[in-house]
Amino acid sequence: MYPDERGFFLSPFLRSVFAETVGHPLFPVGQISYSVSRRGVVRGVHFTATPPGTAKLVCCPRGRVLDVVVDVRIGSPTFGEWDSVTLDAANRGSLYLPVGVGHLFVALQDDSVMSYTLSQEYVPENELALSPFDPALRLPLPDGIEVILSDRDRAAPSLEQARSLGLLPDYRRCRELTAKFRQEPASSR
């Protein structure tokens, strides 16, 4: 970040830092989007059918959100576990979500903006959801916030229901798709 008397200039993504941190370059970009949410909006738990699968890089350039990543990959050593982080305009962090994990965020302030860089274009029939209220997941939804959900998220199945329906991605297949993001060394001629 480069602050001066005018404000600041920020690069939420640097190829070298990303590759060093994650172990591979960022995926080829298929789409960049953003959402604006009022306090209490819960978006997720969303994930993409795999294949094709979608990796994401998200940040919150305005407002404040609780961001939650849920491992929904069958066969993963961390299947059904989650981790969370607060993203906001003050900490200016970014979060990488590999292929096959679920994503949820809760807007903690009005007019919270989430920016998404996606490896694939959005295709509605590939987009799946899990219930943010699944008691087996015990997601860290904050107390004292009136939750606002879409009809789709309100009707979403539990992790176990999605597993029974065959909706969850396979861990090995997700890793294979993620491996494609690694650049092959150029062949010498």
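User: Is Asp4 buried, partly exposed or exposed?

Analyst: The model here is a predicted one, and in it Asp4 has a relative accessible area of 32%.

User: Which residue forms a salt bridge with Asp4?

Analyst: The partner of Asp4 is Arg6, and the closest N and O atoms of this salt bridge are 2.4 Å apart. Arg6 itself counts as exposed, because its relative accessibility is 74%, which is over the 50% cut-off.

User: ok, and how many salt bridges does the count come to?

Analyst: The count comes to five salt bridges. One of them joins the side chains of Asp71 and Arg73, with a distance of 2.9 Å from N to O.

User: Are Asp71 and Arg73 buried or exposed?

Analyst: Asp71 counts as buried at 5% relative accessibility, and Arg73 counts as buried as well, at 12%. Both values fall in that class because buried means under 20%.

User: What about Glu176, which residue does its side chain meet in a salt bridge?

Analyst: The side chain of Glu176 meets that of Arg173, at 3.2 Å from N to O. The two residues are three apart in helix H4, which covers residues 171-179, so about one helical turn separates them. Glu176 is partly exposed with a relative accessible area of 44%, and Arg173 counts as partly exposed at 30%.

User: Switching topic: which residues make the nonpolar surface patch?

Analyst: Met1, Phe8 and Leu10 make a nonpolar surface patch of about 280 Å². Of these, Leu10 is found in the loop between strand S2 (7-9) and helix H1, and Leu10 is partly exposed, with a relative accessible area of 31%.

User: And Pro25, where is that found?

Analyst: Pro25 is found in the loop between helix H1 (15-22) and strand S3 (31-37). Although it is in a loop, Pro25 is buried, with a relative accessible area of 15%. Its C-alpha atom is separated by 14 Å from that of Val99, a residue 74 positions away along the chain.

User: How many cavities of 30 Å³ or more does a search of the whole structure find?

Analyst: The search finds one cavity of that kind, and the largest cavity has a volume of about 60 Å³. Its lining includes His46, Phe47, Thr48 and Lys56, and by class there are four nonpolar, five polar and one charged residues.

User: Which element gives the largest share of the cavity lining?

Analyst: The largest share of the lining of the largest cavity comes from S4, with three residues, and S4 and S9 each supply at least two. His46 lines this cavity, and His46 is also listed among the residues closest to the centre of the largest pocket.

Notes: Residues are numbered from 1 along each chain as its sequence is written. This is a predicted model: local features need pLDDT of at least 70, side-chain atom pairs count only at pLDDT 80 or more; totals for chains, interfaces and linings use all residues. Side-chain values use heavy atoms; hydrogens and water are left out. Helices (H or I, at least four residues) and strands (E, at least two) are DSSP runs, numbered from the N terminus. Buried means under 20% relative accessible area, exposed over 50%, partly exposed in between (1.4 Å probe, protein chains only). Patches are made of residues with over 30% relative accessible area and no salt bridge: like charges are joined within 9 Å, nonpolar side chains (Val, Leu, Ile, Met, Phe, Trp, Tyr) within 5 Å. Accessible areas come from the Shrake-Rupley method with a 1.4 Å probe; for residues, only the protein chains shown count as cover. A salt bridge is a side-chain nitrogen of Lys or Arg within 4 Å of a carboxyl oxygen of Asp or Glu. On a 1 Å grid over the protein atoms alone, a cavity is a set of points where a 1.4 Å probe fits but cannot get out, and a pocket is an open set with protein on both sides within 12 Å along at least five of seven lines; lining residues have an atom within 4 Å of a point. Grid points are joined across faces, edges and corners, and a volume is the space filled by probe spheres set on the points. Ala, Val, Leu, Ile, Met, Phe, Trp, Tyr, Cys and Pro count as nonpolar, Asp, Glu, Lys and Arg as charged, and the others, Gly among them, as polar.
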